[in-house]
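Subject: Structure handover

Hello,

Here is the structure I said I would pass on. My notes on what was found in it follow below.

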Amino acid sequence: MGLQADVELAPLPALPHLAASHRHLRRALAQVIRGESPDLVFVQGDTLTAYTAARAAHDAGCDVAHIEAGLRTDAVLEPFPEEWFRRRIARYACLHFAPSQSAFENLLAEGIDARSVHRVGNTGIDSLRRCLQAQSPAQLRGRRVRSTVLVTLHRRANYDRNSAIICDALADLAAARPELRFLFPVHPNPRVSAAIRRRLEAHPAFDLVEPMRYSHFIECAARAALIISDSGGIQEEAPHLGTPLLVPRINTERPECLATGFVRLVAVNRESIVRSALDALDAQRPAPLPFDERAPFGAGDAAQRIVAVLEMLLRSHANA
């Protein structure tokens with residue numbers, strides 16, 4: 001993206017649990033916030049970093065703005081810890097930038113002041129649109145590789161036993177369709193990577209690779225015949241890429257994606273994953289979703305909309 005960090009925290013050390021990681025990170029962020037004395041602290045998403053930054057900023061008396069606010073599943077602790085983090089961030093924020101209509105409505109239903117909630121789309125779609133515009137015409141013309149399945153896996157709910165089930169299902173899919181090749185960027189977390197490498201590293205159909213640069217990942221996702229991933233962001237991206245996506249999870253915080261026809265939830269069950277993958281590979285797919293006002297996560301102008309809200313607030317404060 002051509003961005004340069006002004007401050008970089010030291011890597012988070014290996015700690016026994018989330019609470020210890022939160023305490024360590026909160027001290028480090030509090031020190032930065034005290035040194036910078038910002039008027040407003042932006043946090044994005046639903047990570048430990050986002051939650052801890054929101055709490056540290058609130059403790060320091062800073063206003064907090066949350067990008068990607070209001071995403072919710074139907075269970076407070078599923079997926080854990082992301083769902084808990086995003087619900088808690090809403091209690092610290094005074095500005096909420098909702099990426100979709102359901103996110104906007106979720107915040108209002110939780111009693112958030114409507115004047116502080118702005119539906120702007122998701123900045124992830126800004127990045128996707130910018131990335132696709134940078135691709136050459138040759139890349140755009142020859143994008144589909146019918147024999148490639150792109151896989152990612154990183155959610156806490158899919159650690160250990162579930163990651164083993166998913167890997168075994170992928171091996172079954174490879175046996176059912178010998179023409180397929182599987183491109184699998186492996187997350188560095190050993191709770192995930194160990195099971196993946198143990199089951200698939202020696203399999204001739206699988207290419208286990210290091211995590212990719214964003215632009216390279218998007219190019220591979222656009223060219224794939226199928227994506228299998230438990231990621232949240234790829235649920236927004238796949239419909240614009242025209243690539244079907246299976247999500248091995250019990251729920252999603254992005255229900256709009258299911259309505260596009262490209263995204264499908266699938267139970268973490270060996271037979272269900274194989275059956276759903278074969279159905280997706282054989283199905284006729286609709287045209288990619290255009291970047292326009294009807295797109296569920298915006299037209300790719302969320303950053304401009306956020307800036308416009310900030311400028312409006314600054315003008316109103318100046319005139320007060």
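Please keep in mind that this is a predicted model. I start with the pocket and then move to the chain as a whole, followed by the local points.

The pocket

The second largest pocket is lined by L40, D63, C94, L95, L310, L313, L314 and H317. Its volume comes to about 280 Å³. Sorted by class, the lining is made up of 6 nonpolar residues, 1 polar residue and 1 charged residue. Helix α13, which runs over residues 302–319, contributes the most to this lining, namely 4 residues.

The whole chain

The chain holds 13 helices and 10 strands. Its radius of gyration is 20 Å, close to the 20 Å that the globule rule gives for 320 residues, so the chain is as compact as a globular protein of that length. Along the principal axes, the C-alpha atoms fill a box of roughly 65 × 45 × 35 Å.

Of the 320 residues, 48% are buried. Among contacts with a separation of 6 or more, 63% are between residues 24 or more positions apart.

Helix α10

Which helix is mostly covered? Helix α10, residues 233–241, has 8 of its 9 residues buried. These buried residues are I234, Q235, E236, E237, A238, P239, H240 and L241. They pack against several elements: the helices are α5 (123–133), α9 (214–223) and α11 (255–258), and the strands are β8 (224–229), β9 (245–247) and β10 (263–265). After α10 comes G242, which has a positive phi near 75°.

The loop between β2 and α3

Several of the local points fall in the loop that connects β2 (63–67) to α3 (82–92). P79 has its place there, and the peptide bond that joins E78 and P79 is cis, with an omega of about 0°. P81 lies in that loop too. The bond leading from F80 to P81 is also cis, and its omega is near 5°.

E68 is another residue in the loop between β2 and α3. Its phi is positive, near 75°, although E68 is a residue other than glycine. What is the relative accessible area of E68, and is the residue buried or exposed? The value is 11%, and because the cut-off for buried is under 20%, E68 counts as buried.

D46, in the loop between β1 and α2

D46 sits in the loop between β1 and α2 (48–59). With a relative accessible area of 12%, D46 is buried. Leaving out residues up to four places away in sequence, D46 touches E82, F85 and R86. D46 and E68 are 22 residues apart in sequence, and their C-alpha atoms are 8.2 Å apart in space.

S37 is found in the loop between α1 (18–36) and β1 (40–44). S37 is not a glycine, yet its phi is positive, about 50°. Is S37 buried or exposed? Its relative accessible area is 54%, and because exposed means over 50%, S37 counts as exposed.

A169 belongs to helix α7, which covers residues 161–176. The relative accessibility of A169 is 0%, so this residue counts as buried. Which residues does A169 touch, once those up to four places away in sequence are set aside? The contacts are R270, I273 and V274.

How far apart are A169 and S37? The two residues are 132 positions apart in sequence, and 51 Å separates them in space, C-alpha to C-alpha.

To go through the model in order, the pocket lining listed above is one place to begin, with L310, L313, L314 and H317 among its residues. Helix α10 and its 8 buried residues could come next, then the cis bond between E78 and P79 and the cis bond from F80 to P81.

Regards

Key: Residues numbered from 1 in each chain as written. Predicted model: local features only at pLDDT ≥ 70, side-chain atom pairs only at ≥ 80, totals over all residues. Heavy atoms only, no water. Helix = DSSP H or I, 4+ residues; strand = E, 2+ residues; numbered from the N terminus. Buried < 20%, exposed > 50% of the residue type's maximum accessible area, 1.4 Å probe, protein only. Contact = heavy atoms within 4.5 Å. 1 Å grid on protein atoms, 1.4 Å probe; cavity = no way out; pocket = protein on both sides within 12 Å on 5 of 7 lines; lining within 4 Å. Points joined across faces, edges and corners; volume = space filled by probe spheres on them. Nonpolar A, V, L, I, M, F, W, Y, C, P; charged D, E, K, R; others polar. Rg over C-alpha atoms; globule rule 2.2 N^0.38 Å.
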